[in-house]
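Please look at the sequence and the structure first.

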Amino acid sequence: LMMRQEVKPSTSLEIWLELPDKGGPFYTRGKVVWASQIEPQLWRTGVSLEKAELMGLARIFRGA
């Protein structure tokens, strides 16, 4: 994920993702596992998803 502020590893997140399939937003939860600053006030953040709903994940892979 791209973030406009730093989020420390182990931080729990609730995430709403807009997907290109025209369906509603995809909701999931996760924990930050790493963060790397790539520009001033812009971080690339790795997130481990928790208990992701499988049908929702299928929407992500179809759009890839």
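Q: What should I know about the model before reading it?
A: The model is predicted, so local features need pLDDT of at least 70 and side-chain atom pairs count only at pLDDT 80 or more, while totals for chains, interfaces and linings use all residues. Residues are numbered from 1 along each chain as its sequence is written, and side-chain values use heavy atoms, with hydrogens and water left out.

Q: Which pattern does the protein chain follow along the sequence?
A: Helices (H or I, at least four residues) and strands (E, at least two) are DSSP runs, numbered from the N terminus. Here there are 1 helix and 4 strands, in the order β-β-β-β-α.

Q: How do β3 and its partner strands pair, in the parallel or antiparallel sense?
A: Two strands pair if DSSP finds at least two bridges between them. Strand β3 (residues 26–39) pairs with strand β2 (residues 12–17) in the antiparallel sense, over 6 bridges. Within that pairing, Glu14 has Arg29 of β3 as its bridge partner. β3 also pairs with strand β4 (residues 42–50), again antiparallel, over 9 bridges. There, Lys31 stands opposite Ser48 of β4.

Q: What is found between the strands in the hairpin of β3 and β4?
A: There are 2 residues between these strands, and Gln41 takes a positive phi near 60°.

Q: How many aromatic pairs does the structure hold?
A: Rings of Phe, Tyr and Trp (its six-membered ring) pair if their centres lie within 6.5 Å; planes under 30 degrees apart count as stacked, over 60 as edge-to-face and the rest as tilted. This structure holds 1 such pair. The ring centres of Trp16 and Tyr27 are 4.8 Å apart and the planes are at 50°, so the pair is tilted. The pair links distant parts of the chain, with Trp16 in strand β2 and Tyr27 in strand β3, 11 residues apart.

Q: Is Trp16 buried or exposed?
A: Buried means under 20% relative accessible area, exposed over 50%, and partly exposed in between (1.4 Å probe, protein chains only). Trp16 has 59% relative accessibility, so Trp16 counts as exposed. Tyr27, at 33%, is partly exposed. Of the 64 residues of the protein chain, 25% count as buried.

Q: Which residues does Thr45 touch?
A: Contact means heavy atoms within 4.5 Å. Thr45 lies in strand β4 and is buried, with a relative accessible area of 3%. Leaving aside residues up to four places away in sequence, Thr45 touches Leu1, Met3, Val32, Trp34 and Ala35.
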